[in-house]
Amino acid sequence: MNNHTVSVIVPIYNAEPYICQTMDSLVNQTLNDMEIIAVNGGSTDKTGEILDTYAERFPQVKVIHQECVSQAHNVNTGLRIATGEYVAECDADDFASIFMYQKLYAAAEHRADVVHCGLTGFWADGKVQYAPLNVPEDWRKINPQELTPEYMGVLFGKLVSLPSGIYRREFILENELFWREGGQNYEDTNVAFKIRATATDYRFVDECLYYYRRDNPNSGSATIKDEFAICEQYEETERYLKERGLEKFMTYLNVRRYYDYIWSLQRTPDERKWNFVQRCQEDFRKYPADGELFNTDEDFRAYCNIKYGAWRETGVLL
């Protein structure tokens, strides 16, 4: 029996400059009966003390203090103790519109496996960048299992991220959709794809309700410690799809592999870049992608440039 509407899990490590803005956006949500689980993974600044003050002031806040392992470990800790009908994750340097969870929960209607909204990128100087989903009205509710191949790109090509959605808790648990622990980067990549490939009721709210900080120099997206971690994420996703008879999604998985590998390549230090390019070439040849599913012809040409080794002669990657 569910005790709450939505359980929001906040994985945290040394977020003192941002955590008050994050927590304020959560404790002031307009949705009733929410649960906020702040998982502090061994912060060495004042983050833990700040979180304890929120727990004292707001009964819906639960704080877990544990050793520093990884963001994935923090999220999974929250998932295992959450009691909400739906679960969500909010990064410790981001925040949500106070209406976000009310709108997503209303759209779920107690049945949807997933409900996603758009993103708003923001900077400390006040600059914002909106990333709406622009989903047509007749696509606001879909069943990924019934999609024909030509529509796979509509589902997998939308700019969505795990924190910009809510997920039916039983759907997550029944399908073992926990974050993969052990890596230093991209810990949410494989679970994001698994969720889309496993859901049977997937919905979109075409508003930008989640605010994603773009100028935190210590964020995971800004600090690539292990560029090869993305390869391990894709190996795990492939294993999951084959194990569950979801091979029909492999075609688009290989396209997404290109975009995530390039995203990693662009953030990899120059002295490590060429070794990773060689791994890209190996995987692009091993897992060929359908050129018709790329976002642009230029992207497909860049993919072929790496796949067929043109960069060896030109020294140009993109």
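**Entry 1**

I began with R140, which counts as partly exposed because its relative accessibility is 26%. My scale for this was: buried is under 20% relative accessible area, exposed is over 50%, and partly exposed lies in between, with a 1.4 Å probe and protein chains only. Before going on, I noted that this is a predicted model, where local features need pLDDT of at least 70, side-chain atom pairs count only at pLDDT 80 or more, and totals for chains, interfaces and linings use all residues. Residues are numbered from 1 along each chain as its sequence is written, and side-chain values use heavy atoms, with hydrogens and water left out.

Which residue forms a salt bridge with R140? I found D206, with the closest N and O atoms 3.8 Å apart. A salt bridge here is a side-chain nitrogen of Lys or Arg within 4 Å of a carboxyl oxygen of Asp or Glu. The pair links distant parts of the chain, 66 residues apart: R140 is in the loop between strand 7 (128–131) and strand 8 (141–142), and D206 is in strand 10 (residues 202–213). Helices (H or I, at least four residues) and strands (E, at least two) are DSSP runs, numbered from the N terminus. D206 has a relative accessible area of 27%, so I wrote it down as partly exposed.

I looked up how many salt bridges the structure holds, and the count is 20. One of them joins the side chains of E176 and R244, at 3.6 Å from N to O. E176 sits in the loop between helix 6 (169–174) and helix 7 (189–198), and R244 in the loop between helix 8 (229–243) and helix 9 (250–266), so this pair ties together parts 68 residues apart in sequence. Is E176 buried or exposed? I have E176 as exposed, at 52% relative accessibility, while R244 is partly exposed at 30%.

Next I checked R301, whose salt bridge with E298 has its closest N and O atoms 3.4 Å apart. Both residues lie in helix 11, three residues apart, about one turn of the helix. R301 is exposed, with a relative accessible area of 52%. I also noted a network of salt bridges that links E109, R111, D201 and R203.

Two packed helices are described by the angle between their axes and the distance between the axes. The axes are lines fitted to C-alpha atoms, for helices over the stretch in contact, and angles run from 0 to 180 degrees between N-to-C directions.

I started with helix 10 (residues 270–286) and helix 11 (residues 297–307), which pack at about 105° with their axes 8 Å apart. The two are therefore roughly perpendicular to each other. My angle classes were: under 35 degrees roughly parallel, over 145 roughly antiparallel, 65 to 115 roughly perpendicular, and the rest oblique. V277, C280, Q281, F284 and R285 of helix 10 meet Y303, I306 and K307 of helix 11; contact means heavy atoms within 4.5 Å. I sorted the residues of this contact into five nonpolar, one polar and two charged. For that sorting, Ala, Val, Leu, Ile, Met, Phe, Trp, Tyr, Cys and Pro count as nonpolar, Asp, Glu, Lys and Arg as charged, and the others, Gly among them, as polar.

How do helix 9 and helix 10 cross? Their axes cross at roughly 175° and come within 10 Å. These two helices are therefore roughly antiparallel. From helix 9 I listed R257, Y258, Y261, S264, L265 and Q266, and from helix 10 K273, F276, V277, C280, D283 and F284. The residues of this contact divide into seven nonpolar, two polar and three charged.

Strand 4 (residues 84–89) and strand 9 (residues 165–168) run antiparallel, joined by two bridges; two strands pair if DSSP finds at least two bridges between them. Here Y86 has R168 as its bridge partner. Strand 6 (residues 114–122) also runs antiparallel to strand 9, with three bridges, and V115 stands opposite I166.

Then I turned to T77 in helix 3 (residues 71–81). T77 counts as buried, at 15% relative accessibility. Leaving out residues up to four places away in sequence, T77 touches V39, I64 and Q66.

With the sequence neighbours up to four places away left out, E207 touches K103, C117 and G118.
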